[in-house]
Amino acid sequence: MEYPNSFEELVECFKMLPGIGTKGAERMVYHILAMDDDQIQRFSQALIDFKSNIQYCQRCGHICEGELCEICLDQQRDQTTICVVESPKDVFAMEKLKEYRGLYHVLHGTMSIMDGKTIDDLNIQTLFDRLDENIKEVIIATNPTREGETTALFLAKLLAKQNIPASRIANGLPIGGNLDYADELTLLKSLEGRKKL
Ligand SMILES: [Zn+2]
């Protein structure tokens, strides 16, 4: 027996999410079936608000609800250091350490031969627009995957051309892993042990 259309449609929507298969999606839809109207209203409004309110910081590319993110707006932060990461979730992973006090730049991806992504497909021009004599260090903290390393190497060359001091977070993160999956101690050691390029 098939599900009613609206049920099936919601199952298909949940299946768009990573790691959610048919079984998992069905479980969620059964759960939603039991929700009252207020909960359903809150749930659907949160999705709509999320899409219309969340945007990317015009300076660093992190997520925010205004023109600039709270990190860029915070004058207490060290304005001389920029940590380059692949995605907003890496910013949150780094911030959890409560150790790094500089600024960020989010590339929104990596160079990838497989996906045909070049350096020009990344949020990189805005990074070079930010670099001036006040910047004392750019920490390249792309993930230790093949794509992350390729991007780091390429970026390091571009920075060297402009005489911008750069460093790369240390090995020790699991190869092929992601910053946001690393435990905090490993990530902290990787940051502290960064090497000048
Ligand atoms: Zn920002």
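**Exercise 1.** In this predicted model, find the largest nonpolar core and state which residues have the most contacts inside it.

*Solution.* Step 1: the largest nonpolar core has 41 residues. Step 2: the residues with the most contacts inside this core are Cys83, Met94, Leu131, Leu155 and Leu159. Step 3: among the elements that give two or more residues to this core are helix 4, strand 3 (81-85), helix 5 (88-96) and helix 7 (146-161). Step 4: another core lies apart from it, with 6 residues, including Val11, Phe14, Ala25 and Ile32.

**Exercise 2.** List the contacts of cysteine 83, leaving aside its neighbours within four places in sequence.

*Solution.* Step 1: contact means heavy atoms within 4.5 Å. Step 2: with those neighbours set aside, cysteine 83 touches Met94, Tyr100, Leu103, Tyr104, His105, Ile139 and Ala141.

**Exercise 3.** Describe how the zinc ion is held and what geometry its site has.

*Solution.* Step 1: the SG atoms of Cys57, Cys60, Cys69 and Cys72 coordinate the zinc ion at 2.3 Å. Step 2: along the chain, these donors follow the spacing C-x2-C-x8-C-x2-C. Step 3: four donors count as tetrahedral if all angles lie between 85 and 135 degrees. The angles among the 4 donor atoms are 103 to 117°, and the site is tetrahedral. Step 4: cysteine 60 and cysteine 72 are both buried.

**Exercise 4.** Compare the zinc site with the UniProt record for residues 57-72.

*Solution.* Step 1: an unreviewed UniProt entry lists residues 57-72 as "zinc finger region: C4-type". Step 2: over residues 57-72 the chain is 19% helix and 12% strand. Step 3: the end C-alpha atoms of this stretch are 8 Å apart.

Definitions and conventions
Residues numbered from 1 in each chain as written. Predicted model: local features only at pLDDT ≥ 70, side-chain atom pairs only at ≥ 80, totals over all residues. Heavy atoms only, no water. UniProt positions renumbered as here; feature names shortened; annotations may be inferred. Helix = DSSP H or I, 4+ residues; strand = E, 2+ residues; numbered from the N terminus. Donors = N, O, S within 2.8 Å, 3.2 Å for Na, K, Ca; no water. Tetrahedral: all angles 85-135°; square planar, octahedral: opposite > 155°, others 65-115°. Buried < 20%, exposed > 50% of the residue type's maximum accessible area, 1.4 Å probe, protein only. Core = buried A, V, L, I, M, F, W, Y, C linked by side-chain atoms within 4.5 Å.
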